[in-house]
Amino acid sequence: MAGQKNLHSISHDHFTGMMLTQIIRKGNSVNDDFLKNIDEKVNYTIHFYDQELANHFYLEEQVLFPLVRGLSEEIDGIINRIVDEHQFVTELVKELNFKTDLENKLDRISRVLEEHIKLEERVLFPKIHEALSDNELTALARKLFENGYENIYKY
Ligand SMILES: [Fe+2]
Ligand SMILES: [Fe+2]
């Protein structure tokens, strides 16, 4: 598909998000030395949220979505759901500060975030690509680049 590269820096962020979902998943034994106990997983998740995810959500909501709202009713509906999910993930991460039931909380974050990323990658982004011409996609990429997606052309 022409213009597919234009949302690639977001997809790069999604790759690191997907790694998080695997690392913190219940019963996971991806690596014996890395984040092997629940406290380390909780600390890593909070750190990842503060350092990566909060900014990622912000860029989507403040930069990407205003540029693509109104393309179709379907896209607007998906975006509304995505914004609700950002809020939900944020609340789930905050709940990690209460040190009860941590394993299940991490598992919930893992599953919600994984479905969220799939919705963006497999449903929203293809619909955006479908709705825009190549010239419009290039214009979108330029605006994303100007507004904080510094790596837009790298991936
Ligand atoms: Fe998102
Ligand atoms: Fe995203």
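Keep in mind that the model is predicted. How confident is the predictor? The mean pLDDT of the chain is 87. Of its residues, 87% reach 70 or more. Among the elements, helix H3, residues 73-95, has the highest mean, 98. H1 has the lowest, at 84.

Now, H3 and its partners. Take helix H2, residues 38-68. H2 and H3 pack at an angle of about 160°, and their axes are 11 Å apart. Angles over 145 degrees count as roughly antiparallel, so H2 and H3 are roughly antiparallel to each other. Their crossing is left-handed. Which residues make this contact? From H2 come Thr 45, Ile 46, Tyr 49, Phe 57, Glu 61, Phe 65 and Val 68. From H3 come Ile 75, Ile 79, Val 83, His 86 and Val 93. By type, the contact of H2 with H3 has 9 nonpolar residues, 2 polar and 1 charged.

Next, helix H4, residues 102-131. H3 and H4 also pack at about 160°, with axes 10 Å apart. H3 and H4 are therefore roughly antiparallel too. H3 passes H4 in a left-handed crossing. The contact of H3 with H4 has 15 nonpolar residues, 1 polar and 7 charged.

Last, one residue in H1. Thr 16 sits in that helix, which spans residues 8-24. Is Thr 16 buried or exposed? Thr 16 counts as exposed, because it has 12 C-beta neighbours inside 10 Å. Thr 16 and Leu 53 are 37 residues apart in sequence. In space, their C-alpha atoms are 9.8 Å apart.

Key: Residues are numbered from 1 along each chain as its sequence is written. Chains are lettered from A and ligands numbered from 1 in the order in which they are written. This is a predicted model: local features need pLDDT of at least 70, side-chain atom pairs count only at pLDDT 80 or more; totals for chains, interfaces and linings use all residues. Helices (H or I, at least four residues) and strands (E, at least two) are DSSP runs, numbered from the N terminus. A residue is buried if 20 or more other C-beta atoms lie within 10 Å of its own, exposed if 12 or fewer, and partly exposed in between; C-beta atoms are placed from the backbone. pLDDT is the predictor's confidence in each residue, from 0 to 100. Axes are lines fitted to C-alpha atoms, for helices over the stretch in contact, and angles run from 0 to 180 degrees between N-to-C directions. Angles under 35 degrees count as roughly parallel, over 145 as roughly antiparallel, 65 to 115 as roughly perpendicular and the rest as oblique. A crossing is left-handed if the near helix is turned anticlockwise from the far one by less than a right angle, and right-handed if clockwise. Ala, Val, Leu, Ile, Met, Phe, Trp, Tyr, Cys and Pro count as nonpolar, Asp, Glu, Lys and Arg as charged, and the others, Gly among them, as polar. Two residues are in contact if their C-beta atoms, placed from the backbone, lie within 7 Å.
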